[in-house]
Every structure is written in C-alpha cells, then in structure tokens.
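Q: Happy to have you here! Shall we go through this model together and ask what stands behind each label?
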There are 2 protein chains.
Amino acid sequence: MRAETSVPTTTPAETLAAVLDFFRAHTPVAAIGIACFGPIDLDRGSATFGHIATTPKPGWAGADVVGALRTLNVPIVFDTDVNGAALGEHRWGAGRGVDPFVYVTVGTGIGGGAIVAGTPLHGLVHPEMGHVLIPRDPDDAFAGACPYHGSCLEGLASAVALQRRWGAAPETLHAEHDAWRLQARYLALGLAAITAVLSPPRIGLGGGVMRAPGLLARVRAELATVLAGYVRTPEIVPPALGERAGVLGAIALGQMALDGREYNSAR
Amino acid sequence: MRAETSVPTTTPAETLAAVLDFFRAHTPVAAIGIACFGPIDLDRGSATFGHIATTPKPGWAGADVVGALRTLNVPIVFDTDVNGAALGEHRWGAGRGVDPFVYVTVGTGIGGGAIVAGTPLHGLVHPEMGHVLIPRDPDDAFAGACPYHGSCLEGLASAVALQRRWGAAPETLHAEHDAWRLQARYLALGLAAITAVLSPPRIGLGGGVMRAPGLLARVRAELATVLAGYVRTPEIVPPALGERAGVLGAIALGQMALDGREYNSAR
C-alpha cells in the first residue's frame, strides 16, 4: 500500500477533482479500479458508460465518474461498490475459493455483489440485491423506506428503515428489542431469495447494521427456518476484510485491468 | 436427430432401465447429457453425486440417475431440467448471445435455470428459482401449495396452486378471470427477484401455464410496474424451442462433455 486518502462526497466536480489530484500526486499509476455506489452504467457500448445512473444523492445522478479520470490515460475498471467488496473478499477474505460468492452490506442502504466464475457479475445492469421484494411481516405496519419499491429488502431492513420504523438509531436499540427479531427475519428472506436464484455456498454479510450483537447468529438461524430444508443452507459469514473490503476490492479491480481482464475498461 | 423416445416416469428401476435400453439400442453413444427434475446432487466430490435429492415424486428421493447409466462408460453431464432448457434456449433459441440468460418454466411446478459466462449456473446446489419467497397479494387468502415454503413463487403460482386456489384447472379459467391478474403479479414478483440478484438482459418464460392467452403481456407490464424504473426491465420472451427446450438442452449438455467442458462428468 503506497498511499491512502479519503475524500468527502460533496459535489461530483469537487469530489472527482480531489480524486484526480490524489492520483496525479502519486504517479506513475498503472491502472485504476473504481468500486462506486450505484446504480451505474457498466455497458462499454453505452454513451453514458462510467456514469452514475439514478441515485438519491443530490447532484450525483448522471455524474461521469470514469470520464473524470480519463485524463490519466490508464486502464480503468469500473464496478459497483458491492461487486468490488465481493471481489476483495473473494480474493483475500471470507470468499476465498468460493464460487459463486455473494457479499451483502447492510448500512444506510442494502446492496449485494456477486463473483461468478471468478468475475464480478454483470448483466442488463448489475445486481441490485437490496431491492428484492420480500414478504412483509404481518405485524409490521411500517410502509417501507425505499422511494422506488417501498417495502423491498432495503426499504424494510436498512439502517434508514430501522431508524424510521422504531424512531431511534439502530445502535441504540437494546439486544432484546423486537427490532432484531424482525431484522433477522427480513435479512433471512433476502438471503433466501439470493440462495434460490444464485445458490452461493457462502454469503458474506457486513455493513454497519451487522455490528448489532447477536444479529448474525439470528440471521443464520432464521435463514435455515425460511429455507425449510428444501435445499442446503449457505454459510453466512462476516467479512474478513471488515471496513476495507470495498477499497481492497477496488485494488483487485485495478489488478484485473493489469492482468488483461479489463471487462469494462476505458482509457 | 438419430432417434427419439419417450419413457413414462414410473419407478426409478423401471424408468432408468428403459432409458439404458434405449441407449444400448443406439450404440455407439459418445456422451450423454441429462436434464433432470430436481433438486439433484451435482457435486462431483459427493458420495451421492448424480442422485435425486428431495422430491415429492414417490420413490424418486435418493434415486441414482447417473449411476444407472454408468455401465455405458461414456462421459455423462448431469444437470437440472431447467438448466438444460436454459442451455438449449441459449444455444439455439431465445437466449442466443444473452448472458446471463435465465429460463423459467411455469407448470405443475416452477423452476428456473441460468447460463452465466456460457455455462449452466451451479453453486452450493443449483438455482431453485421457483422457491423464492415473494410478497403475497393482500386479497389472496390461499395458503400456498408448496409443502416446504407454503407461499413461495411455486406455492402461489404453479398450475397446482392455480387449481387449488380457484378449484378449477388453469386452462378452464377465462381470460378475464381475476386469476390472471394475480398470476401476472406473482410471476412478475418472481422475475423481479431474479432481476435484482442476476440482472439478466432477457428471461425466457415458458411452461404449460404460460399458454394462457395474454398472460405473457400482463407479466411484462406488471414487471415494469414492480421494478418501478429503478433499474432497467429485462425482456421477457417465450421459449423459441417450445416444448423441446429441455430435450435439446440435454443434447447441448452432452455436447459440452464432447467439447471437453465436462463440468460434472462421470464415467
């Protein structure tokens, strides 16, 4: 690790200029990996390749992230923050040797990335696992926090949803609060959908909300209940790289460019 | 196509002996592809590789399908019926050039297979897309027909579920019956889960229930409503190979063995 920095997310112009300055101060740069919040445009053939698509972050919808770094004239691999984290965990952490491997983060939002056949999964766009629609608990009157889907997984189980449903920050809810039973149930339903579609042997489950004591064990137990023995239950594990899964994943994305695996590179 | 036959599914001993007789009558056989109902064991390292796992079909739980054909001493590729159909459509039908490509069949049960990076998707086991848990419609009092999950996609929207909920065979329900509004809603919720996890540009949607006039168009419209513009809506298309997707998929599986892509072969 030659150098490290952190830049606040303000406006695209200001933030991306600070990122560019960082790389200019650390030449030579051989390649860049970007693990970016999304949804993003990963289609090399698209006029808006490398841009942010829709986002509730003010000013960032349509921002040209890859374009801002093109003046460095190096290969750039661009992917979602969660695909980056999944790749980091797959290469150096909790997902070594596991394929397909899925990484899900539960914080302000909920996102999931997947590595299939060694490569971050893309398609029409990219996975948006936080927006899977799950059955609401019959006792849960909360309408859901997602502006698009209401009660999708993110709408029911993100930190924002917890805060709004219970009128308190998640970290202030004691371990026996009913919030955690419901939270484990919703996360298990989301992981069950991922299991039904992708069948990963192991899923990494991280993000700020997962720091709640006992939550991981409750999610594991609830997932086994939800799957009901029809198919085997995947292992649910904490990230081995902790908070650094994303940034190490971005380095792994940059290495893919150097290894000639520039699946969505741009100069 | 050198020869073709159809064998009724009675007991494993009787059915598999008839299959073996067919191949013995048509030597030389270079390789065999099996697209089998499931769940099945696809793990080459497992003592029960090539066996059926759980199934409600009497007598078939634990049946050794691959073992029954081992005496032919040719490479055998074994996969689910829906992964086979997905591969057939990917190679010769509605999924040509599409990756990931998903094929979902709606009949007595509901199943989905996926081709990712050109290969049928496996993991801990294999996709079981029919068993994704979806939100129940608030006006639907039917408990669900799945013995494992009650109201999963298959439990709410298979032909068996339709028959039990409405007390009539699906093909007898007229086009304006409320059954079809609900059916389109449930199928769209299942396809939305697949989209959130795998992001396929196109999904093939077949099986007996999809022959209902106007249902495909209703599913397409409902899927766009459910996804709510957050990410792009995949194309939903009928299978190009019709009833033959599965059997042609099995031929494609056999060809993978001949091409040296024996991802789960056994002699």
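A: Gladly. One definition to start with: contact means heavy atoms within 4.5 Å. Please keep in mind that this is a predicted model.

Q: With that in hand, what do the buried residues of H5(A) pack against?
A: They pack against two helices of chain A, H4 (153–157) and H6 (178–198).

Q: What makes residues of helix H5 of chain A count as buried?
A: Buried means under 20% relative accessible area. In H5 (residues 159–166) the buried residues are A:Ala159, A:Ala161, A:Leu162 and A:Arg165.

Q: How do you know that they lie on the same side of H5(A)?
A: Their arc around the axis is only 160°, so they are placed on the same side of H5(A). As background, residues three or four places apart in an α-helix point the same way, because there are 3.6 residues a turn.

Q: What follows H5(A)?
A: A:Gly167 does, and its phi is positive, near 65°.

Q: What makes chain A and chain B partners in contact?
A: On the chain A side 40 residues are in contact with 40 residues of chain B. The two chains bury about 3500 Å² between them, with 71% of it on carbon and sulfur atoms. A:Leu124, A:Val197 and A:Tyr230 supply 25% of the area chain A buries against chain B, more than any other three residues.

How values were computed
Residues numbered from 1 in each chain as written. Chains lettered and ligands numbered in written order. Predicted model: local features only at pLDDT ≥ 70, side-chain atom pairs only at ≥ 80, totals over all residues. Heavy atoms only, no water. Buried < 20%, exposed > 50% of the residue type's maximum accessible area, 1.4 Å probe, protein only. Helix = DSSP H or I, 4+ residues; strand = E, 2+ residues; numbered from the N terminus. Arc of directions from axis to C-beta. Buried area = accessible area lost by both parts, 1.4 Å probe.
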